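Please go through the fold, core and aromatic pairs of the chain shown below. A short briefing follows, grouped by topic.

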Amino acid sequence: MASSIQKNLAEKNAEYASTFTKGHLALPPAKRYLILTCMDARIDPATAFGIDLGDAHVIRNAGGSARDAQRSIVISEQLLGTKEIVLIKHTGCGMLTFSNEDAHGLVRQNLGSGAAEEIVGLDFLPFGDLEAAVREDVEFLRKSATVPSDITISGWVYEVETGKIRQVV
């Protein structure tokens, strides 16, 4: 039996598909850039950052981590021709609220020793200073051999309280 979430998904998709006219868009993003941001449900990248369907790749993960997104970044650049990375972290991020030890402890407590053993050594990539984390991720990308030197990289903070962005790097 379908959950209420699944039913809503199917209903909303039927509405969307009934007026969909963008099936002709090319696989590579038209504006040749990618946004890397957090998976936080309070961020709607298309609306907040003015991205039309087909314009850009949007990569999302916990904390908007460049390290965690590296595989997708390489695919976006090398296979699909993006030339710019816009990294956007945000205020009130959950990654500011815990340590690796906290996360590992919760897995052990809630999921048991088998799950804890499965993630031994996993870095959840938490951070304690938002702007420093933006700078560190931009620096990671600039120094990475997987990101060509001609790729434009910038780092931003999105304020969930106001909807505004500000450039850090």
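**Briefing**

Leaving aside residues up to four places away in sequence, Gln 70 touches Phe 140, Ser 144 and Thr 146, where contact means heavy atoms within 4.5 Å. This is a predicted model, in which local features need pLDDT of at least 70 and side-chain atom pairs count only at pLDDT 80 or more, while totals for chains, interfaces and linings use all residues. Residues are numbered from 1 along each chain as its sequence is written, and side-chain values use heavy atoms, with hydrogens and water left out.

**Gln 70**

- Gln 70 lies in helix 3 (residues 70-79); helices (H or I, at least four residues) and strands (E, at least two) are DSSP runs, numbered from the N terminus.
- With a relative accessible area of 26%, Gln 70 is partly exposed; buried means under 20%, exposed over 50%, and partly exposed in between (1.4 Å probe, protein chains only).
- Gln 70 and Gln 109 are separated by 39 residues in sequence and by 30 Å in space, C-alpha to C-alpha.

**Whole chain**

- The chain has six helices and five strands, which follow one another along the sequence as α-β-α-β-α-β-α-α-α-β-β.
- The C-alpha trace spans about 50 × 50 × 35 Å along its principal axes.
- Of the 169 residues, 33% count as buried.
- Among contacts between residues at least 6 apart in sequence, 67% join residues at least 24 apart.

- The five strands form an open sheet of mixed pairing, in the order 2-1-3-4-5; two strands pair if DSSP finds at least two bridges between them.
- Strand 2 (56-61) and strand 5 (165-167) are at the edges with a single partner strand each, so one side of each has no neighbour in the sheet.
- From one strand to the next, the twist averages 25°; axes are lines fitted to C-alpha atoms, for helices over the stretch in contact, and angles run from 0 to 180 degrees between N-to-C directions.
- Strand 1 (residues 33-38) and strand 2 run parallel and are joined by six bridges, and Cys 38 has Asn 61 in strand 2 as its bridge partner.
- Helix 6 (residues 130-143) lies across strand 3 (84-90), strand 4 (152-158) and strand 5, and runs at about 165° to strand 4.

**Nonpolar core**

- The largest nonpolar core has 31 residues, and Leu 36, Ile 73, Ile 85 and Leu 141 have the most contacts inside it; such a core is a set of buried Ala, Val, Leu, Ile, Met, Phe, Trp, Tyr and Cys residues joined through side-chain atoms within 4.5 Å.
- At least two residues of this core come from each of strand 1, strand 2, strand 3, helix 6 and strand 4.
- Residues touched by Ile 73, beyond those up to four places away in sequence, are Leu 34, Leu 36, Ile 59, Ala 66, Ile 85, Leu 141 and Val 147.

**Aromatic pairs**

- The count is two aromatic pairs; rings of Phe, Tyr and Trp (its six-membered ring) pair if their centres lie within 6.5 Å, and planes under 30 degrees apart count as stacked, over 60 as edge-to-face and the rest as tilted.
- The ring centres of Tyr 16 and Phe 20 are 5.4 Å apart with planes at 45°, so this pair is tilted.
- Tyr 16, at 47% relative accessibility, is partly exposed, and Phe 20, at 38%, also counts as partly exposed.
- The ring centres of Phe 49 and Tyr 158 are 5.7 Å apart with planes at 90°, so this pair is edge-to-face.
- This pair links distant parts of the chain, with Phe 49 in helix 2 (residues 45-49) and Tyr 158 in strand 4, 109 residues apart.
- Phe 49 counts as buried at 16% relative accessibility, and Tyr 158 is buried with a relative accessible area of 8%.
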